[in-house]
Amino acid sequence: MKLKVISSLEKQRRKIEITLAHLHEQQMEVDKNTDWRDLSAQQQRTALLAEISGWYKLQLRRVDDVLNRATVRESQVGER
């Protein structure tokens, strides 16, 4: 795989990691804040953050899979 594509995927991976860290901070804030006027609002916020985090984790796994395949291919090409 071309180095430009690998570099792009690595940048994308870093962005996803930053986003996941931000979502984790948001979830910690929701958990820490006990002053919700409406319990269902807190539950909805928690569910939303979990769903978004799940989607980003899936994207991270996909990027990792592609990077791993690219690494294997590059090492195989180097062995020839």
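Why are Glu17 and Arg13 separated by about one helical turn? In this predicted model, the two residues stand four positions apart in helix 1, and therefore about one helical turn lies between them. Glu17 and Arg13 form a salt bridge in which the closest N and O atoms are 2.1 Å apart.

Arg13 also forms a salt bridge with Asp64, with a distance of 2.4 Å between the closest N and O atoms. This second pair links distant parts of the chain, since Arg13 belongs to helix 1 and Asp64 to helix 2, 51 residues apart. Relative accessibility is 23% for Arg13, which is therefore classed as partly exposed. Asp64, at 21%, is likewise partly exposed, and Glu17 is partly exposed with a relative accessible area of 36%.

Three salt bridges are present in the structure. Another of these joins the side chains of Glu29 and Lys32, at 3.8 Å from N to O. Both residues lie in helix 1, three residues apart, or about one turn of the helix. Glu29 is partly exposed at 42%, whereas Lys32 is exposed at 60%. Through shared partners, salt bridges join Arg13, Glu17 and Asp64 into one network.

The largest nonpolar core comprises eight residues: Ile6, Leu9, Ile16, Leu20, Leu60, Val63, Leu67 and Ala70. Helix 1 (3–32) and helix 2 (39–79) each contribute at least two residues to this core. In soluble globular proteins, nonpolar side chains tend to be buried together.

Gln27 is located in helix 1 and, with a relative accessibility of 17%, counts as buried. The side chain of Gln27 makes a polar contact of 3.5 Å with that of Thr46. Beyond residues up to four places away in sequence, Gln27 touches Thr46 and Leu49.

Key. Residues numbered from 1 in each chain as written. Predicted model: local features only at pLDDT ≥ 70, side-chain atom pairs only at ≥ 80, totals over all residues. Heavy atoms only, no water. Core = buried A, V, L, I, M, F, W, Y, C linked by side-chain atoms within 4.5 Å. Buried < 20%, exposed > 50% of the residue type's maximum accessible area, 1.4 Å probe, protein only. Polar contact = N/O pair within 3.5 Å; in protein donor to acceptor, adjacent residues only side chain to side chain. Contact = heavy atoms within 4.5 Å. Salt bridge = Lys/Arg side-chain N within 4 Å of Asp/Glu carboxyl O.
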